Amino acid sequence: MLSWRIQGTEAQIGFGALLAGLLVDGLVIYLEGDLGAGKTTLVRGLLRGLGHAGTVRSPTYSLLEDYRLADRSIHHLDLYRLADPEELEYLGIRDICDGRSILLVEWPDKGRGVLPVADLVLRIRHAGVARILELVPGSKGGEYLADRLSALALPAGVTRQSNNVD
Ligand SMILES: Nc1ncnc2c1ncn2[C@@H]1O[C@H](COP(=O)(O)OP(=O)(O)OP(=O)(O)O)[C@@H](O)[C@H]1O
Ligand SMILES: [Mg+2]
């Protein structure tokens, strides 16, 4: 399994921006981790990497924020406040899952059964003041992305963890 130690908010954003360069249409990414793990911060980096210059609001209350960047649709979901996966229907989940849009989903467990399966699961956990991020591919596309990511130079504050550390 691939994992990294990410020291500080700027490094988290830098790692998101690195990932952004590897995204392809239709990718579904789950962001798992406790409250305050750094999921939204990673999305900020991803969107910045895709060219978004504005602010990135946490979809804590809206549940969904949409972005259109360089002809690409990106949907950022935070399902923490979802009481039932069926509520995703009201959010227009069917329209969102058009096979071309990119989905970034915080608290995906809350949408199990209705959400599409993940191409990539990013698990983030606290490690003192830093974070550990684990990447688990869920599809061939996810595996391909993981291979390419592991070959890239890392931003400042990010170090690769050896495989046997968990
Ligand atoms: N790698 C990191 N090292 C240190 N601090 C970080 C790191 N990544 C994010 N943070 C900080 O952690 C805090 C929480 O981040 P964030 O809001 O992204 O968490 P979250 O996982 O989205 O939480 P929630 O589940 O509440 O949506 C922020 O203050 C952010 O700056
Ligand atoms: Mg968040």
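Several elements cover the buried residues of helix 1 (9-20), including strand 1 (2-6), helix 2, strand 7, helix 4 (140-150) and strand 8 (158-160). Helices (H or I, at least four residues) and strands (E, at least two) are DSSP runs, numbered from the N terminus. The buried residues in helix 1 are A11, Q12, I13, G14, F15, G16 and L19. Buried here means that 20 or more other C-beta atoms lie within 10 Å of a residue's own; with 12 or fewer a residue is exposed, in between it is partly exposed, and C-beta atoms are placed from the backbone. From its first C-alpha to its last, helix 1 reaches 17 Å with its 12 residues, close to the 16 Å expected at 1.5 Å a residue. That expected span is 1.5 Å times one less than the number of residues.

A word on what you're looking at: this is a predicted model, where local features need pLDDT of at least 70 and side-chain atom pairs count only at pLDDT 80 or more, while totals for chains, interfaces and linings use all residues. Residues are numbered from 1 along each chain as its sequence is written, and chains are lettered from A and ligands numbered from 1 in the order in which they are written.

Helix 1 also turns up around the ligand. Ligand 1 is surrounded by 20 residues, and the closest are Q12, G38, K39, T40 and T41. Helix 1, helix 2 (39-49) and strand 7 (130-137) are the elements that give two or more residues to this shell. To be near the ligand, a residue needs its C-beta atom, placed from the backbone, within 6 Å of it. What is the shell around ligand 1 made of: nonpolar, polar or charged residues? It divides into 6 nonpolar, 10 polar and 4 charged. Ala, Val, Leu, Ile, Met, Phe, Trp, Tyr, Cys and Pro count as nonpolar, Asp, Glu, Lys and Arg as charged, and the others, Gly among them, as polar.

Now follow strand 7 to its partner. Strand 7 and strand 6 run antiparallel, joined by 8 bridges, with L120 opposite P137. Two strands pair if DSSP finds at least two bridges between them. The hairpin of strand 6 and strand 7 has 2 residues between the strands, and G128 takes a positive phi near 65° there. Strand 6 (residues 120-127) also pairs with strand 2 (residues 28-32), this time in the parallel sense over 4 bridges. In that pairing, Y30 stands opposite V121.

Another hairpin comes from strand 3 and strand 4, with 2 residues between them. These two pair in the antiparallel sense over 6 bridges, and R68 has S73 in strand 4 as its bridge partner. A70, in the turn, has a positive phi of about 50°.

Most residues other than glycine have a negative phi. L63 sits in the loop between helix 2 and strand 3 (64-69), and it counts as buried because 21 other C-beta atoms lie within 10 Å. W107 has a positive phi too, about 55°, in the loop between strand 5 (102-106) and strand 6. W107 is buried, with 20 other C-beta atoms within 10 Å.

Leaving aside neighbours within four places in sequence, Y80 is in contact (C-beta atoms, placed from the backbone, within 7 Å) with T60, E106, W107 and K110. Y80 counts as partly exposed because it has 16 C-beta neighbours inside 10 Å.

Definitions and conventions: Contact = placed C-beta atoms within 7 Å.
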